[in-house]
There are 2 protein chains.
Amino acid sequence: MSQTQLFERVALIGLGHIGSSLGHAIRRAGLAGEIVGAARTQETVDAALRLGFIDRGGLDAVAAARDADLVVICAPVGSIAALGQQIAPHLRPGTILTDVGSTKGSVVRDLLPVLPAGVHLVPGHPVAGTEHSGPESGFASLFENRWCILTPPTGTDPAATEKLAALWRAVGSNVEIMDAEHHDRVLAITSHVPHLIAYAIVGTAIDLEQATEQEVIKFSAGGFRDFTRIAASNPTMWRDIFLNNREAVLEIVQRLSEDLAALQRAIRWGQGDVLFEQFTRARDVRRGVIDARQA
Amino acid sequence: MSQTQLFERVALIGLGHIGSSLGHAIRRAGLAGEIVGAARTQETVDAALRLGFIDRGGLDAVAAARDADLVVICAPVGSIAALGQQIAPHLRPGTILTDVGSTKGSVVRDLLPVLPAGVHLVPGHPVAGTEHSGPESGFASLFENRWCILTPPTGTDPAATEKLAALWRAVGSNVEIMDAEHHDRVLAITSHVPHLIAYAIVGTAIDLEQATEQEVIKFSAGGFRDFTRIAASNPTMWRDIFLNNREAVLEIVQRLSEDLAALQRAIRWGQGDVLFEQFTRARDVRRGVIDARQA
């Protein structure tokens, strides 16, 4: 066992953007004796083997997870429940089961009841990623200087949480621990609703009869292009996120609609001072993002 | 007169982000015999002289514009009318008067009536810029591979439009000519409404009691940070844009609200297929942006 090795065998269930990045990062840092992978298609498994971020793999998630001491489900949020329920009965005591999904309440709700004795559930969420998908899109430095949030349910063995935290720190992340419900509310505003808005505005643009799609694309440098980048994210992943963080997302969209209505009203009535004050407030938040080196 | 020189004397009225970038770009390409600048504060004039993108300058816009054969108003949209009305009577026949504002209907409405005989009004809008402000933030390559839209009113001398187009092409831009009303509708969707939404969502985040501002900033890498970047743009400039493109902005915000309501409804009722279809459509637009090299 090398000095940096934390786990004997890590199983990555799902080998897309996050799974491949995590595989590369674990390998680079020498954190696992062996990395085993499972994916839905042989094409993805072959790509993972070719890219070298798993040692072996196949289509059977149970086979990959068996005898691993860390199992990371790297699948869209909507598949985590089924995969976890399929894998859980075959895990040996002492194993840590985690995931990288963007909603955490759903993971606790779906997996805690099916967990065998001695297996530790420590749901996780690396707040990182690009708009790209698939095993070819991963890279080892994706998690550097990003936050990884862990949401162990009440009663989780602190040693299991700490061991998983050590892995995330070793791939370059800062780790924050909070409860799943709080995670889902914070992420609704910092990630989920921004994506929903980006999807909405791109849809609005496509349907406009006053401007052709070609014109919209041509002149997108004025702000729209940033929304198209966000809206290029994986549709399956985002469908699942919204369906699994329904309450928090709907509550924040409702607030946003009210705030937007107030700005609309200020524009309609020519209240320049209201607009100026709101815009100035927003500028300060950007300074905070830059200071926190998340820009 | 050098081979590339297009104008004997260019006057830049306003020396902020766009004014300074244009000054640097005109100088680099050798397009003007002399660049004269005017700004609201001596501090800005001094910075412009120090940075070397004007040859001389001061606080008097009329003095700067007098005897120029190209006058470019590089001020926030809300100041263009007053500046233009102040300068116009002092322009000599043959001079081209233009601007770089993000709304164009307002410029035609405010300046065409005060134009002396023989002076050519060719409003312009370089679809370029960063979230930064001030004379120090400009750079010569800002306009490269970006679009510049010119909106000459009906009856404008085509030679004047062509001469200004030649200047924009010489600083690296592609030029498109359209009427001011159409410009304002297209830009409402590609620039103005995206900014309004970004301002709104940052405001919503600040006011949330479920998450502290520090948490919002910390976990902003999930999408929110892109909105904070857009919302960091100059508050005065954006206030003026919304007040001067009221109808088009309000119409598109209304449509966006409807589209957002449809997505909210799909989330509430668990209609994953509706979400998936919308998100997939949005992804194709991103491909268009990348293909058009505006990403």
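This is a predicted model: local features need pLDDT of at least 70, side-chain atom pairs count only at pLDDT 80 or more; totals for chains, interfaces and linings use all residues.
Let's start with where chain A and chain B meet. The contact takes in 94 residues from chain A and 94 residues from chain B. Together the two chains bury about 9000 Å², and 69% of that lies on carbon and sulfur atoms. On the chain A side, F219(A), I267(A) and F279(A) supply 8% of the area buried against chain B, which is more than any other three residues give.

Six salt bridges are counted between chain A and chain B. Take K218(A) and E176(B): they form a salt bridge, and their closest N and O atoms sit 2.8 Å apart. Polar contacts across the interface of chain A and chain B come to 29 residue pairs, with both residues at pLDDT 80 or more. As for the parts of chain A involved, the elements that give two or more residues to the side touching chain B are β8, α7 (180-207), α8 (213-218), α9 (224-230), α10 (235-244), α11 (246-268) and α12 (272-291) of chain A. Out of these, α7(A) gives the most, with 20 residues. Sorted by kind, the residues on that side of chain A divide into 49 nonpolar, 24 polar and 21 charged.

Now for the salt bridges in general. Side chains of opposite charge can pair up when their charged atoms come close. Over all chains, the structure holds 30 salt bridges. In one of them, the side chains of R50(A) and E136(A) meet at 3.0 Å, N to O. This pair ties together distant parts of chain A: R50(A) is in helix α2 (residues 42-51), while E136(A) is in the loop between β7 (124-127) and β8 (147-150), 86 residues apart. Both R50(A) and E136(A) are exposed.

E251(B) forms a salt bridge with R185(B), and here the closest N and O atoms are 3.4 Å apart. The two residues come from distant parts of the chain, with E251(B) in helix α11 (residues 246-268) and R185(B) in helix α7 (residues 180-207) of chain B, 66 residues apart. E251(B) has a relative accessible area of 30%, so it counts as partly exposed. R185(B) is partly exposed too, because its relative accessibility is 27%.

Another salt bridge in chain B joins D240(B) to R239(B), with the closest N and O atoms 3.1 Å apart. Are these two residues buried, partly exposed or exposed? D240(B) has a relative accessible area of 5%, so it is buried. R239(B), on the other hand, counts as partly exposed because its relative accessibility is 23%. Back in chain A, salt bridges with shared partners join R9(A), E34(A) and R56(A) into one network.

Strand β2 (residues 32-38) of chain B is joined to β3(B) by three bridges, and the two run parallel. Within this part of the sheet, V36(B) stands opposite R56(B) in β3(B).

Methods. Residues are numbered from 1 along each chain as its sequence is written. Chains are lettered from A and ligands numbered from 1 in the order in which they are written. Side-chain values use heavy atoms; hydrogens and water are left out. A salt bridge is a side-chain nitrogen of Lys or Arg within 4 Å of a carboxyl oxygen of Asp or Glu. Helices (H or I, at least four residues) and strands (E, at least two) are DSSP runs, numbered from the N terminus. Buried means under 20% relative accessible area, exposed over 50%, partly exposed in between (1.4 Å probe, protein chains only). Contact means heavy atoms within 4.5 Å. Buried area is the accessible area (1.4 Å probe) that two parts lose on being put together, summed over both. A polar contact is a pair of N or O atoms within 3.5 Å; within protein, one must be able to donate a hydrogen and the other to accept it, and residues adjacent in sequence count only if both atoms are side-chain atoms. Ala, Val, Leu, Ile, Met, Phe, Trp, Tyr, Cys and Pro count as nonpolar, Asp, Glu, Lys and Arg as charged, and the others, Gly among them, as polar. Two strands pair if DSSP finds at least two bridges between them.
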